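Colleague: Can you walk me through this model? I'd like to go topic by topic.

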Amino acid sequence: MSLKQYKKKRDFSKTKEPKGKTKKKDPKKRIFVIHSHFARNHHYDLRLEMNGVLASWVVPKDPPAEKGIKRLAVHVEDHPIEYAKFHGNIPKGNYGAGTVEIWDNGTYLLKNKSSNKIEFRLIGKKLNGDYVLIKTHYGSKPNKSWLWFKL
Ligand code: MN
């Protein structure tokens with residue numbers, strides 16, 4: 001159900017991106033990945049394992065490695081768990097066409113989650129520490145806009 005939108009946007013006969021299934025349970029150690037995506041506009045994709053899929057946000061600027069940097073993060077469709085390992089090229093003419101690299105990955109602890117705030121600790125190679133995502137009305141997509149920063 002959750003991956004409906006993801007699948008609708010892609011032709012899996014043309015892209016090597018994973019087709020994916022929803023996993024049943026949330027393990028204790030959840031995974032995260034941050035993709036660097038050289039699409040029409042270069043951006044980062046923050047993906048956090050939640051409810052058997054990767055909850056995903058598009059981050060137009062570089063991820064906040066230090067305190068005091070606030071980044072806009074636009075909530076987008078869930079991606080399958082296997083997408084955490086995906087990197088490579090999405091062919092021209094397909095959704096998100098361009099190169100996808102893994103910028104950082106690791107595990108995270110979910111500390112608190114409500115409908116407008118997610119607190120978590122990232123244990124990655126580049127990003128480490130306590131982070132928060134807070135819903136905001138800033139940006140061009142007010143219903144999907146969050147701010148992402150380090151505590
Ligand atoms: Mn992307």
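Modeller: Aromatic pairs, then. The count comes to eight, where Phe, Tyr and Trp rings (for Trp, the six-membered one) pair if their centres lie within 6.5 Å; planes under 30 degrees apart are stacked, over 60 edge-to-face, and the rest tilted. This is a predicted model, in which local features need pLDDT of at least 70 and side-chain atom pairs count only at pLDDT 80 or more, while totals for chains, interfaces and linings use all residues. Residues are numbered from 1 along each chain as its sequence is written, and side-chain values use heavy atoms, with hydrogens and water left out.

Colleague: What is the geometry of the Y6 and Y83 pair?

Modeller: Y6 and Y83 are edge-to-face, with 5.8 Å from centre to centre and 90° between the planes.

Colleague: Which parts does that pair tie together?

Modeller: Y6 lies in helix α1 (residues 4-8) and Y83 in the loop between β4 (70-80) and β5 (88-90), so the pair connects parts that are 77 residues apart in sequence. Helices (H or I, at least four residues) and strands (E, at least two) are DSSP runs, numbered from the N terminus.

Colleague: Is Y83 buried or exposed?

Modeller: Y83 is buried, at 2% relative accessibility. Y6 is buried too, with a relative accessible area of 0%. Buried means under 20% relative accessible area, exposed over 50%, and partly exposed in between (1.4 Å probe, protein chains only).

Colleague: And how are the rings of Y83 and F86 arranged?

Modeller: Their centres are 5.2 Å apart and their planes are at 40°, so that pair is tilted. F86 is buried, with 8% relative accessible area. Ring pairs join Y6, Y83 and F86 with F12 in a cluster.

Colleague: Where is K85 found?

Modeller: K85 is in the loop between β4 and β5. At 72% relative accessibility, K85 is exposed.

Colleague: What about H79, which strand is it in?

Modeller: H79 is in strand β4 and is buried, with 3% relative accessible area. Leaving aside neighbours within four places in sequence, H79 is in contact (heavy atoms within 4.5 Å) with several residues, including L3, Y6, R10 and R47.

Colleague: How many helices and strands are there in the protein chain?

Modeller: One helix and nine strands, running α-β-β-β-β-β-β-β-β-β from the N terminus.

Colleague: And overall, what radius of gyration does the chain have?

Modeller: The protein chain has 15 Å, which agrees with the value near 15 Å for a compact globule of 151 residues. The radius is taken over C-alpha atoms, and the globule rule is 2.2 Å times the number of residues to the power 0.38. Along the principal axes, the C-alpha atoms fill a box of roughly 40 × 35 × 30 Å. Of the 151 residues, 41% count as buried.
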